[in-house]
There are 2 protein chains.
Amino acid sequence: MTALRPFFVLCALGCLWADQRPPIQQPALMPWPAQISVGEGTLRIGVDFSIAIAGAGGGDARVKNGAERAIERLARQTGLPLRVALQPQPTEAALNIVVEGRDHPAPQKLGDDESYALLISPDRIRLSADGPLGVLRGLETFLQLVSPCAGDPPGFCVPLTEIHDQPRFPWRGLSLDVSRHFIPVDGIKRTIDGLAAVKLNVLHWHLSDDQGFRVESKKYPKLQQLGSDGLYYTQAEIRDVVAYARDRGVRIVPEFDVPGHSTSWLAAYPNLASKPGTYQIEHEKSGPTGAMDPTRDSTYSFLDGLFGEMTKLFPDEYFHIGGDEVAAREWNSQPKIRAFMKSHKLADAKALQAYFNKRLQKTLAHDGKKMVGWDEILTPDLPKTIMIQSWRGTKSLANAARQGYPGILSAGYYLDLMQSSAQHYAVDPLTGDAANLAPEEQARILGGEAAMWEELVTAETLDAKLWPRLAAIAERFWSPQSTTDVASMYARLDSTNRWLEWLGLTQRSNLELMRERLAGGMPVGPLDAFASMLEPVKGYERQRTPYGASTPFNHLVDAIPPESDAARAFGVAVDAYVASPGGDSAAALREQLAAWSKAAVEVRPLLASNSLLAENVPVADAVEALCKIGQEALDYADSAAPGGWKQRALDAIKDASKHNAALLIPFAPSVQKLVESTR
Amino acid sequence: MTALRPFFVLCALGCLWADQRPPIQQPALMPWPAQISVGEGTLRIGVDFSIAIAGAGGGDARVKNGAERAIERLARQTGLPLRVALQPQPTEAALNIVVEGRDHPAPQKLGDDESYALLISPDRIRLSADGPLGVLRGLETFLQLVSPCAGDPPGFCVPLTEIHDQPRFPWRGLSLDVSRHFIPVDGIKRTIDGLAAVKLNVLHWHLSDDQGFRVESKKYPKLQQLGSDGLYYTQAEIRDVVAYARDRGVRIVPEFDVPGHSTSWLAAYPNLASKPGTYQIEHEKSGPTGAMDPTRDSTYSFLDGLFGEMTKLFPDEYFHIGGDEVAAREWNSQPKIRAFMKSHKLADAKALQAYFNKRLQKTLAHDGKKMVGWDEILTPDLPKTIMIQSWRGTKSLANAARQGYPGILSAGYYLDLMQSSAQHYAVDPLTGDAANLAPEEQARILGGEAAMWEELVTAETLDAKLWPRLAAIAERFWSPQSTTDVASMYARLDSTNRWLEWLGLTQRSNLELMRERLAGGMPVGPLDAFASMLEPVKGYERQRTPYGASTPFNHLVDAIPPESDAARAFGVAVDAYVASPGGDSAAALREQLAAWSKAAVEVRPLLASNSLLAENVPVADAVEALCKIGQEALDYADSAAPGGWKQRALDAIKDASKHNAALLIPFAPSVQKLVESTR
């Protein structure tokens with residue numbers, strides 16, 4: 001076994017660069033490693049590629065399974081007929097894994113060592129780590145390094161590289177709502193594959209809400225029978241997913257949202273409700289609805305029973321109780337509850353919820369669990385072992401940290417809002433109020449979680465709503481705080497998006513199929529061209545249109561990614577042009593506008609051909625109008641525009657920027673910049 | 001329950017047409033039904049779509065499972081959130097399935113009734129059949145009819161239609177080699193999905209050959225241990241696949257190829273060999289190699305034992321023993337075998353093989369099986385229960401039929417030869433010598449099988465080599481003999497190709513991923529454009545280059561479909577232009593040539609960027625040369641060409657038609673036609 005060579009040896013071989021700031025292009029690693037140096041030259045991956053495992057901790061099944069999966073994935077990435085068999089001897093292997101540490105007990109815990117070192121020298125690859133998680137993270141890095149060789153003979157190569165890597169934050173997750181729309185097990189597993197690929201380590205599974213209770217309870221079977229539309233995970237499936245995730249270095253943190261967001265529970269067990277009556281799972285839009293009665297002992301004995309069952313099913317040490325958005329009116333309107341509050345000296349609904357949380361926390365502590373909840377659960381008399389997940393922002397998070405509570409940030413990472421990768425990438429858990437915390441307070445901010453709420457998302461569109469934007473967030477949580485170059489991020493995100501397809505993620509292929517569907521029997525090319533310049537409306541705008549469980553999400557807006565790469569590139573080019581109008585830049589802008597205008601014309605027969613596409617005609621009109629204005633603005637860059645043209649143009653842009661069919665035209669602001677830049 | 005309405009009722013509602021000849025466009029049914037009439041108007045498919053099952057035979061699990069799968073697939077095709085639950089009452093369902101017959105015992109048998117009637121009226125769909133197979137076939141037809149509605153509100157519709165359908169031939173299959181390259185179970189299941197979707201009913205599983213024995217034998221475990229590279233199906237997997245196929249109306253006919261093509265057996269049990277020695281599975285190209293010794297009783301007791309085990313594993317009444325391409329030298333070179341032949345009055349190797357076959361036939365008959373073999377097994381003293389599969393052609397097949405043997409045609413349907421759909425579509429089992437047979441002889445020709453030999457095909461490329469061409473062959477086997485319009489076939493094949501994607505077939509998506517891989521980190525668009533005008537070389541040309549089990553099939557030629565749609569369309573346009581040179585047709589040809597030439601220029605930076613793509617530079621050169629010549633030929637349509645131009649052009653076309661990187665440029669012959677049409 002070769003000892004880990006020091007940094008300078010590789011650089012002595014010809015060090016191209018070694019820096020924390022990633023270059024724009026290769027290698028397209030995401031998240032960017034903590035330390036990397038790339039030398040000259042490559043190591044060739046041949047059909048004899050193999051992996052050997054050594055070291056005191058090499059016996060962990062996660063290492064062996066991870067290595068075998070890496071060979072399978074490498075075969076898929078390269079088309080090489082590789083044998084998925086590990087070598088018994090390090091000397092025979094192209095990649096030697098060395099696991100230094102011995103004990104890595106189940107379950108995976110917050111803070112388990114994820115660091116690794118990857119050394120690619122001309123004749124050997126060495127991946128060393130203290131524990132199995134480091135190996136899994138390092139294997140992902142290795143796979144991202146593989147690309148076609150530059151020179152003969154034909155094949156695949158990895159650059160000579162030395163990487164020393166570890167995460168910035170120990171809690172890096174995705175909160176996934178499966179209540180509003182159910183996601184079958186294969187979708188959950190695909191998502192876990194994706195999380196592991198970009199080095200995220202928590203799937204926070206939002207398993208219950210007003211729209212459905214999604215886990216089989218053997219103790220309270222009405223929860224899934226009456227509290228869902230028949231779509232839920234059996235306990236066997238849950239155990240399968242938990243094992244699947246553990247194998248990939250991902251913790252599963254379940255959330256059972258109480259005492260609000262619990263209509264599905266009340267549909268099954270109306271005695272839990274604050275307000276007497278019958279309840280049904282919520283089929284229409286979401287928002288605060290019924291709440292459990294925190295004044296009755298029967299509520300607690302029910303929750304004790306259920307949590308006793310569920311804490312056994314989910315081995316993670318954290319257990320999420322939600323606790324968000326409780327409608328105070330559900331309590332304040334009930335005389336019996338008001339009387340209870342008075343007799344217990346609980347000033348308001350907030351105090352009553354704190355009382356409820358304290359009782360739950362004791363139950364969970366008894367089951368060996370640490371309680372997690374959204375901002376609302378924060379009250380000073382809960383023990384410091386609980387954790388706060390903040391949907392409110394860094395101010396709320398910093399406030400918790402100052403009081404001694406650990407926390408994670410989710411505000412700014414809501415993927416359902418259809419914001420850009422750049423917007424999410426700019427959000428850092430340690431900025432704002434959190435930047436001013438003392439070091440020991442900052443240390444309580446453990447990381448963050450992206451969140452995907454599923455009101456408008458189905459199993460079909462899930463991948464496209466998660467990826468690739470989630471990879472940019474993953475980089476924010478893993479990479480050094482200084483890794484902030486947006487152009488580099490987008491360049492690497494593009495490669496990462498393609499690389500993720502080898503894992504079986506469907507963010508591109510499913511949208512292609514959806515556009516095929518919209519095109520009916522006609523060629524889809526014109527629709528693809530048209531779609532490439534559009535984006536879905538942002539924030540909660542689309543939720544203002546009525547929707548529900550039976551709403552089909554099969555329109556054009558559902559069949560496009562959240563971000564238009566073409567519009568983004570145009571925006572960059574317009575900014576450059578406006579800053580320095582000379583040279584060839586105007587010609588490139590004209591060409592793009594002409595191409596978009598042409599696409600908006602050529603798609604019209606398709607839009608007219610069927611009922612699903614007809615709603616997009618006003619969008620095509622607006623695209624044509626915007627392209628015409630953009631061309632005029634470029635005309636008037638040198639010569640003065642006719643009187644009143646500028647105002648007419650700005651009015652027309654405003655008009656063309658109205659949203660139709662839940663779509664927006666993201667290059668409209670760039671056209672406006674062009675108009676504003678005319679004389 | 002509504003009675004099946006007679007044909008004229010629908011026509012009374014407004015019959016658009018009723019004919020056996022399919023129109024060019026809609027509905028894009030493939031295979032084309034025996035009888036169809038399409039009325040005016042449509043039935044809308046809503047989120048309340050459901051299926052009910054009735055009739056004496058409605059209890060068959062295949063019907064229930066097929067109906068549930070149809071709802072799932074409809075949900076995927078439309079994006080509608082459909083509930084996968086069957087209705088108890090016909091009155092509550094949108095689609096009523098009526099299964100008339102009662103008894104449909106397992107296993108599925110050759111000739112089981114597959115006919116069905118599908119009536120789509122304005123308020124209800126009725127699918128009636130005598131048995132479960134008819135229901136499965138009819139559900140596929142129904143799913144192919146679904147497309148976006150023309151008018152408001154947005155949604156999906158099926159045309160008002162009446163179909164009475166049944167197959168022309170009872171044996172409609174695919175012979176799939178899994179020895180040369182192993183295809184994992186998921187690939188086999190995906191293939192079965194595809195077969196069922198285009199109404200094929202036999203998967204002939206070529207499970208052993210020189211390169212590998214692919215089934216677990218518990219009796220002779222060395223067969224899979226030493227006779228394969230570790231890749232084989234366990235018996236549990238075989239049983240799973242057989243059940244999966246049965247559920248979809250597909251029979252599994254296993255083939256164990258003996259006494260030739262059996263090197264993998266000899267590697268495991270060298271005592272079976274005619275020539276003493278040690279054997280290894282064949283890693284390099286295929287061709288006649290070792291053969292079993294048909295003179296020793298131990299050979300027969302081994303085969304008795306194995307077939308006894310395998311006939312229990314595969315319930316179909318047919319069992320394929322291969323029997324093709326035995327190398328006579330393996331026997332003639334052995335004095336002991338020559339002595340046996342002499343003492344048994346066996347004139348030559350052919351007679352010895354007949355002796356071998358007779359003994360095997362008795363063994364199989366004892367196990368309740370009918371023996372199938374390739375042309376070579378045909379000898380007059382075998383019983384008429386055996387079946388001949390002809391790789392030699394209709395002459396050989398007709399010869400067998402005349403002697404009283406049933407047979408199926410495979411010659412002309414070899415998908416590994418990369419021929420066009422049109423070429424396969426033109427082959428009919430009842431043409432050539434078979435056309436002149438008496439009716440009772442013709443009745444012995446039971447159908448045909450496409451064949452996929454896997455020397456150059458992997459699990460990654462399998463779907464692209466099978467689909468969509470196999471759908472055209474399926475139509476040949478199912479539809480009336482008069483269904484021969486090639487333009488209609490291609491129009492419907494294009495829709496079918498897209499429709500098959502909803503099943504999860506990967507013929508397009510996998511090739512896209514492969515081209516992404518070739519492009520490395522660079523945008524793949526230029527490569528896609530370049531690839532769209534190319535085709536792989538045909539026949540066995542590519543096999544002349546050495547290859548083997550460790551050869552990667554990850555070049556551009558592996559990443560393109562067997563047929564270029566663009567080149568085919570160009571060929572049609574050139575033929576029209578040459579027949580009648582006036583009008584706008586020249587402009588369209590010029591535009592296509594200019595686009596191809598541009599693509600050949602724009603792909604060059606990509607071709608230069610990595611080692612896997614570099615081999616395609618001469619192809620880009622040739623494309624540019626051909627496009628230039630084509631433009632010149634159009635120039636000289638009106639004015640006389642310079643002296644010697646025509647000959648120089650023809651020489652240049654010949655030069656540009658040389659094959660590089662196993663690719664050909666399929667529009668070269670069309671350019672030649674343009675040159676030849678100049679004055």
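Two residues count as being in contact when they have heavy atoms within 4.5 Å of each other. Keep that in mind as we walk through this predicted model.

Let's start with a single spot in chain B. Thr379(B) sits in the loop that links strand S14 (370-374) and strand S15 (387-390) of chain B. Set aside the neighbours within four places in sequence, and Thr379(B) is in contact with Ala354(B) and Tyr405(B). Is Thr379(B) buried or exposed? Its relative accessible area is 9%, so Thr379(B) is buried, the cut-off being under 20%.

Now step back to where the two chains meet. Here 46 residues of chain A are in contact with 46 residues of chain B. The size of an interface is often given as the accessible area lost when the parts come together. For chain A and chain B, that comes to about 3,300 Å², with 54% of it on carbon and sulfur atoms. On the chain A side, the residues that lose the most area to chain B are Leu513(A), Arg517(A) and Ser611(A), which together make up 18% of what that side buries.

What about charges and polar groups? There are four salt bridges between chain A and chain B. The side chains of Glu516(A) and Arg498(B) form a salt bridge, at 3.4 Å from N to O.

H18(A) gives the largest share, with seven residues. Sorted by class, the side of chain A that touches chain B has 19 nonpolar, 16 polar and 11 charged residues.

Terms used
Residues are numbered from 1 along each chain as its sequence is written. Chains are lettered from A and ligands numbered from 1 in the order in which they are written. This is a predicted model: local features need pLDDT of at least 70, side-chain atom pairs count only at pLDDT 80 or more; totals for chains, interfaces and linings use all residues. Side-chain values use heavy atoms; hydrogens and water are left out. Buried area is the accessible area (1.4 Å probe) that two parts lose on being put together, summed over both. Helices (H or I, at least four residues) and strands (E, at least two) are DSSP runs, numbered from the N terminus. Ala, Val, Leu, Ile, Met, Phe, Trp, Tyr, Cys and Pro count as nonpolar, Asp, Glu, Lys and Arg as charged, and the others, Gly among them, as polar. Buried means under 20% relative accessible area, exposed over 50%, partly exposed in between (1.4 Å probe, protein chains only).
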